[in-house]
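Trainee: Could we walk through this structure together? I would like to learn how to read it piece by piece.

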Amino acid sequence: MSQMKLPQAGLVLWMCVMNRVLDTAAAALLITQCVIMQYTSITCSWKTADHHLNISSYTLQINKASCETKHSFISVGVCNTRGSNCSVHPIDSAFHCFCVDLLASTPNGSIHSQPYFFKGVNAVKLSPPEIKDLKPAERRPGCLQVDWRMAEIFPKNEKVYILLQMEYTTHNQTRSQTIQAFSKETLELCDLHPGSKYTVRLRAQDSRAHAHWSLWTSIDTTTAEKAPSAAPRLWRLIQPAEEAGKRRLTLLWKPVSWPEVNGVVLSYSASCRSDLGSSQWTCGTVNASRHSCILTVSDDLCHCSLTATNSAGTSPPAHISIPAHTQAEPPPPRIISVTPLDDTQIKVEWRAAPNQSESGFVVQWTSVPYIEPTSLHWEHMNETARSFILTGLLPEIPYNLSVVSLHGRQAGSDMSVIAFTREGAPSVGPDVTVLKTSSSGVLLKWDPVPLEKLHGFIHSYTVIYSIHGKEKSVKVEAHVELIHLSELTEGTYNICVMAHTAVGTAAGPCQMVVVGLEDVQVIPILLCALLLCFLILIIPVCLRMRIKQCLCPTVPDPSKSSLSIWSNTKLYQHNLPSTSTMSSILPVDWTTIYQDYVEKDYVPVQVFTSHAPHDSNEPEAKTYDSTSAITFLDPKLSPAQAFHTHLLNQSYTKPDHVIPAGYKEDPQPSSDHLLFDSLFSCKSNEADLCGYIHVSQTYTPVIKTIDTYRTLDLNECPHFLQVLPKDTSTTMVHCSINNESCDTGVSQSHSLQPNKT
């Protein structure tokens, strides 16, 4: 008997263990919800707590059940899936109770979930409602009219359970309301902002299934515009102008904020007028995409205004006063602190000036260096504000921050500071300049590094100088820009300056400096040497033409002369005697003429022509021809009073018409350069018939000689013989004292040709 009870006890124990295992597996498989979608299908979802079960598929079984006993009696449908949800359709009605079973298949067998029981009307999810039309309400400005309908048809007794939720959103502002759906099919949305874009959404719910709303149906629309109800925010930037008595005024503004804008701004209109006169300056109509305008106004007190315009009208004007350049401005507020919050934000705190009633503040900031007026950022604050957080900044970039107090339409003076969100190492070092060197020292100066290249605040400078591989340094404060290095030995030093910030350093270019020559400046000496070389090179270039003229003078071309008759006879030139000798040779009246020549720089040449008596067999006398000299005779002498004379051992024929000779001022020539061969004298009891001509040093007269003989008077022979040329080979003179006459003959004829000096 005891042996029979032992196997039965083991079987019972095994069945208990298996039930525990199955219960644990069933607990790991859980149905979360079932929804009746639009009265047409049932969709159930589940989840698995143990992912190590290696479930390959799921089978969903839905049965109708008794709402009181919860026992299943009619199968609705079955579906298989590998996912976490499954739908069974169609269904005939949602007004039933349902029981759902889930079977999971694993390699070790099947796992059943706990049965899931629900009422159909509590699990209904309706279809989204349809929006037929959305338009402005006819009789209520600022309202929208919504026409809608449900997708399903409900029995009259079911309509009371249907709810409608309406939601409308603009500029991240959402308002919603829930109403009875079938109370009215036309809805109105009021208290909307003019000229604003709205998104209207609707969804429906069976009030008995409070956990299930339908999907949203949405539509966008824009309300009708109105004129802007507020003025734009206006600011200014005053800069000096190139023209005297003028200022460059940059008007800056920000668009009218929502919802006061009441639509879309199309344009702006800005203008300024002077209080002391009728002067007015305007920017005209400015496109809505621009937010600045530049005007050149006078130094007097000015008032500026700005308006914004949309399709419905114009906004109220914004005003700002520009003080005269001589007008004192209210004191600025005191900046308490500037605190970096992170790499993109800085907090500015200030305190109002004492005994001042501010109507507000303006915080303005811009990156350094300042580029253009549009790079200026600014923000209006109310009179109670004492701090502001700047956003959108960049690290290692300096920013110029300032706070300006407002007193009605007038702005006070500002106080500015430089700030960084995060400092960095300088990108360049300072450039060092050597001002002076001595036998044992050097004076150095450097320019500060531009702020935008510092990336931080300078804490100190370090001057590094080295010679023969030995390096020394001197550290100075941040405000020091001049230093004298003393007690240096002779030699060449390599000197540079380093700039230090809180994060890092940067060294500037090094300079080679020679120390040891007392008061000898290398750079001035080099400059002087370069200047001297430049002068040596440039002076010959400048004097090239003058030197060329001196070395190679211009020689006149005789072939281009107006003289057309040339002679091959070689001229013989005599040296002129001195003035005293001339006085002894020439008659008194001729000496006077020569003296006049000496005083007046004339070259006297006395040339007479006459018709010599000759036989009919003798050749006719040749006439005098000169192109550069003209014969001058005393006008008191008649043509018939010709007399005999000799010049250059030749005979001449006096022309019938006498033309006075021309005179030309020439430098006084020396006696060695007179261009005639001999002098002569004549003595006559007649009136002074000895005229003369002036022969230029440039040209000598052309005299054509004639071959003829005549007899000289007795009183002519002694004078003529004193001035005869040394070469008398071609001249024959015969003087007969007894017969009181002299004969002179010329064996050959020659001509005095022009000689161009």
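**Reading the model together**

Mentor: Buried means under 20% relative accessible area, exposed over 50% and partly exposed in between, with a 1.4 Å probe and protein chains only. Bear in mind that this is a predicted model, where local features need pLDDT of at least 70, side-chain atom pairs count only at pLDDT 80 or more, and totals for chains, interfaces and linings use all residues. Residues are numbered from 1 along each chain as its sequence is written, and side-chain values use heavy atoms, with hydrogens and water left out.

Trainee: Which residues is Asp-299 in contact with, leaving aside its neighbours within four places in sequence?

Mentor: Asp-299 belongs to the loop between strand E21 (292–298) and strand E22 (302–309). Strands (E, at least two residues) and helices (H or I, at least four) are DSSP runs, numbered from the N terminus. Contact means heavy atoms within 4.5 Å. With those sequence neighbours set aside, the contacts are Gly-245, Lys-246, Arg-247, Ala-324 and His-325.

Trainee: How many disulfides does the count come to?

Mentor: A disulfide is a covalent bond between the sulfur atoms of two cysteines. Here the rule is a pair of cysteine sulfur atoms within 2.5 Å. By this rule, the number of disulfides is six.

Trainee: Which cysteine does Cys-143 join in a disulfide?

Mentor: The S to S distance of this link is 2.2 Å, and with 120° about the S-S bond it is right-handed. Cys-143 sits in the loop between strand E10 (130–136) and strand E11 (144–149), and its partner, 47 residues apart, in the loop between strand E14 (186–189) and E15. Cys-143 is buried at 7% relative accessible area. The partner, buried at 14%, is Cys-190.

Trainee: What is the torsion about the S-S bond of Cys-272 and Cys-304?

Mentor: The sulfur atoms of Cys-272 and Cys-304 are 2.0 Å apart, and they form a disulfide. Cys-272 is in strand E19 (residues 267–274) and Cys-304 in strand E22, 32 residues apart, so this pair links distant parts of the chain; both cysteines are buried. The disulfide is right-handed because the torsion is about 110°.

Trainee: Why is the sulfur of Cys-302 too far for a bond with Cys-304?

Mentor: Cys-302 is buried, with a relative accessible area of 0%. The closest cysteine sulfur to that of Cys-302 is in Cys-304. It is too far for a bond because the distance is 6.2 Å.

Trainee: In what order do the strands E12, E13, E15 and E16 form their open sheet?

Mentor: Two strands pair if DSSP finds at least two bridges between them. Strand E13 (173–180) and strand E16 (217–222) each have a single partner strand and stand at the edges, so one side of each is left without a neighbour in the sheet. Eight bridges join E12 to E15, which run antiparallel, and Tyr-168 has Val-200 as its bridge partner in E15. The order is E13-E12-E15-E16.

Trainee: How many aromatic pairs does the count come to?

Mentor: Rings of Phe, Tyr and Trp (its six-membered ring) pair if their centres lie within 6.5 Å; planes under 30 degrees apart count as stacked, over 60 as edge-to-face and the rest as tilted. By this rule the number of aromatic pairs is twelve.

Trainee: And Tyr-168 and Tyr-198: what is the angle between the planes?

Mentor: Tyr-168 lies in strand E12 (residues 162–170) and Tyr-198 in strand E15 (residues 197–206), so the pair ties together parts that are 30 residues apart in sequence. Both tyrosines are buried. Their rings are 6.5 Å centre to centre, and the tilted pair has an angle between the planes of 55°.

Trainee: Which residue lies over the face of Tyr-161?

Mentor: A charge sits over a ring if NZ of Lys or CZ of Arg is within 6 Å of the ring centre and within 35 degrees of the ring normal. One such case is Lys-159, whose charged end sits over the ring of Phe-182, 5.1 Å from its centre. For Tyr-161, at 3.8 Å from the ring centre, the residue is Arg-208.
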